[in-house]
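Here's a walk through one protein model, from the overall fold down to individual side chains. Have the viewer open and follow along.

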Amino acid sequence: MDESNEIILQKSKRLTSVVWNYFERVRKADVCYAVCIQCNKKLSGSSNSGTTHLRNHLMRCLKRTNHDMSQLLTPKRRKKENPVTVATIGFDESSQPKDGYIRPKFDQEQHRGDEVVLSRGSGGGGRFSQERSLVDLARMIILHGYPLSMVDHVGFKVFARNLQPLFEPVGNSTIEETCMEIYIREKQRVQHALSNLYGKINLSVEMWSSKDNANYVCLASHYIDEEWRLQRNVLNFITLDPSHTDDMLSEVIIRCLMEWSLETKLFAVTFDSFSVNDEIVLRIKDHMAQSSQVLINGQLFELRSAAHLLNAIVQDCLEAMRDVIQKIRGSVRYVKSSQSTQARFSEIAQLAGINSEKILVLDSLDTWNSTYEMLETVLEYKGAFCHLRDHDQEFDSSLTDEEWEWTRSVTSYLKLVFEITADFSGNKCPTANVYFAEMCDIHIQLIEWCKNQDGFLSSLAAKMKVKFDEYWNKCSLVLAIAAILDPRFKMKLVEYYYSKIYGSTALDRIKEVSNGVKELLDAYSICSAIGDDSSFSGGSGLGRGGGMDSRDRLKGFDKFLHETSQNQNTTSDLDKYLSEPIFPRSGEFNILNYWKVHTPRYPVLSMMARDILGTPMSILGAADSAFNSGRPVVDESKSSLNPDIRQALFCAHDWLSAEAEEVQPLSRQYAQAM
């Protein structure tokens, strides 16, 4: 193009956009061009072309030359009519926390022209920060469980470029490093909270797997904080060696205790499997014995997850009924095979007087609640299926009368377990006191089911009861103590259920519970008398010099002093608590608020209540995973990662989720149903 024919035009008053500060408007013949002052590139300068393309060019051009582009982010003029108010996110730098991350705050800004102006505190518009944006991106990936590889996706790059052209694209390794930095920073925060905790800490141990048959163990702390709020923090998510043994699992748990300095704070360990090898527990106890005492001969140390027990019982039912359930699935498939068959089945149901509004749906092999719902629906249409059996020669999946009776009985078993599991998973504050009554109901029903005259059903019930008894022997005392610490029940609930469960031997069993509570309270009383909670865990006591000495030779005296004081007709917290009227059971009740308010009245008993009520009696994730048939599964995008980054993402997700009200504070976003 011959530049000699170009005429530089004087800027018209109409050229009010800030972009014209960076362009010369020239005309050649009848065509107008806008020439960039920075790079001399020519773009259309016609008044009909607008300035959007010029602004987009400048954003790239000025970025290359490191110019300040804040003017380009200033709107041309305010909209004079009908301004639209939108919520925008700003960053309050004046209150920047120690961890360096600026928490977002929400302000109300005006939508001006085609742009949204982001405010930064009260200081007006600020400059773009690549570092802060990278941290925000990493936190988003952690919080929502997005794959790290999303930073390489073309769609994400286009979105980021259009949203903020200044943002430099980053690779997988960079985002991994940023995620690790966030993990380390958040871990320090959690460690600080645990180290300053007044009460004890409980540990849950849950096994995970992946589609490639890898095994993982998730270790989480459970406790009640100084404000009497139930807390849970994932501590470790460890990849196990393919050839791992029970020895290795116990070592993993011990390393976790040492890494987080929990040896002197540990109160109980809850395993997801009711059949954990006793050798694992013995090794952990041996390690614990070196730094803290184990309470009540170890009975409060080793627990089993109630939810996993119920799932194991359900699997026994489904396995015993496998052939019958296959027939039922075949029956449902037959009815759903065509529209004409469905219409004919509906007519048969109406003639049989069946008014059910439930729809026949095949179950999912991954979730047992769907199998329960299928069985329950099929039972309502029993009359219609029996009619098909007698009048449709093509229908070959019919049940015998005996199989129908088995189905009815097993469905009644599943109904109880389903309702209790739903209650557990729906409880947003699952303190230990909520489990006693539910597990007693299961116990009573198992006793009744074992009395069934049908050999198939009674043998199935007996098999289920063997597993339940193993669980009950480990956990019944803790369950009962937690119920006693509920002021709506106290000893009365234990007396009520034990009379139903044990009959003539109920008084002996109740006395065992009563003695267990008193023995535990005595341990807390000794701790309180010494005046240091760490001594209760086997830490240092009062030495002869008046200071704290780990070799204190007068610990026996402290116990002697407490025991002899008991004979002086003093009223303990427990006696005072049990003698007072039971709290009304009607209306809303928050047991943690109760103990927070009554701590001054029962100072020693409240210490015990804090630790007992914070014990995880069930290891349960999100409500939609409570009915999964197997272990939780790590999704494929996480299972392929390096073990260190996988643990960082898993743990940091849990920690960050606790800060975000809109995100469920559980790690199941990293799982998919088996």
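## Charges over rings

A charge sits over a ring if NZ of Lys or CZ of Arg is within 6 Å of the ring centre and within 35 degrees of the ring normal. Arg610 does this with Trp228, lying over its face at 4.4 Å from the ring centre. Lys490 is placed over the face of Tyr577, at 4.5 Å from the ring centre.

## Ground rules

This is a predicted model, where local features need pLDDT of at least 70, side-chain atom pairs count only at pLDDT 80 or more, and totals for chains, interfaces and linings use all residues. Residues are numbered from 1 along each chain as its sequence is written, and side-chain values use heavy atoms, with hydrogens and water left out.

## The whole chain

The protein chain comes to 23 helices and 16 strands; these are DSSP runs (helices H or I, at least four residues; strands E, at least two), numbered from the N terminus. Of its 674 residues, 47% count as buried. Buried means under 20% relative accessible area, exposed over 50%, and partly exposed in between, with a 1.4 Å probe and protein chains only.

Start with helix 4, residues 172–195. Its 24 residues reach 34 Å from the first C-alpha to the last, close to the 34 Å expected at 1.5 Å a residue (the expected span is 1.5 Å times one less than the number of residues). Its buried residues include Ile175, Ile182, Val190 and Leu194, but also Glu186 and Lys187. Glu186 turns up again in a network of salt bridges with Arg139 and Arg189.

Helix 10 (residues 368–380) has 13 residues and spans 19 Å between its end C-alphas, close to the 18 Å expected. This helix is mostly covered, with 10 of its 13 residues buried; among them are Trp368, Tyr372, Met374, Leu375 and Leu379. The cover over those buried residues includes helix 7 (306–320), helix 8 (322–335), helix 11 and helix 12.

## Salt bridges

A search of the whole structure turns up 25 salt bridges, each being a side-chain nitrogen of Lys or Arg within 4 Å of a carboxyl oxygen of Asp or Glu. Which parts of the chain does the Arg344–Asp392 pair tie together? The two side chains meet at 3.1 Å, N to O. Arg344 lies in helix 9 (residues 339–351) and Asp392 in the loop between helix 11 (382–391) and helix 12 (401–426), so the bridge connects parts 48 residues apart in sequence. Arg344 is partly exposed at 36% relative accessible area, whereas Asp392 is buried at 9%.

Arg389 and Asp401 make another bridge at 3.6 Å, N to O. This one links helix 11 to helix 12, with the partners 12 residues apart. Arg389 is partly exposed at 29%, and Asp401 is exposed at 56%. Then there's Glu319 with Arg322, at 3.3 Å, N to O. Glu319 is partly exposed at 42%, and Arg322 is partly exposed too, at 49%.

## Cysteines

How many disulfides are there? The count is 0, taking a disulfide as a pair of cysteine sulfur atoms within 2.5 Å. For Cys36, the nearest cysteine sulfur is that of Cys39, 3.7 Å away; Cys36 itself is buried at 0% relative accessibility. Cys651 is also buried, at 0%. Its sulfur is 7.2 Å from the closest cysteine sulfur, in Cys218, which is too far for a bond.

## Aromatic pairs

The model has 32 aromatic pairs. Rings of Phe, Tyr and Trp (its six-membered ring) pair if their centres lie within 6.5 Å; planes under 30 degrees apart count as stacked, over 60 as edge-to-face, and the rest as tilted. Phe583 and Phe589 are a tilted example, 5.2 Å centre to centre with 50° between the planes. Phe583 is partly exposed, at 35% relative accessibility.

Note on methods: Contact = heavy atoms within 4.5 Å.
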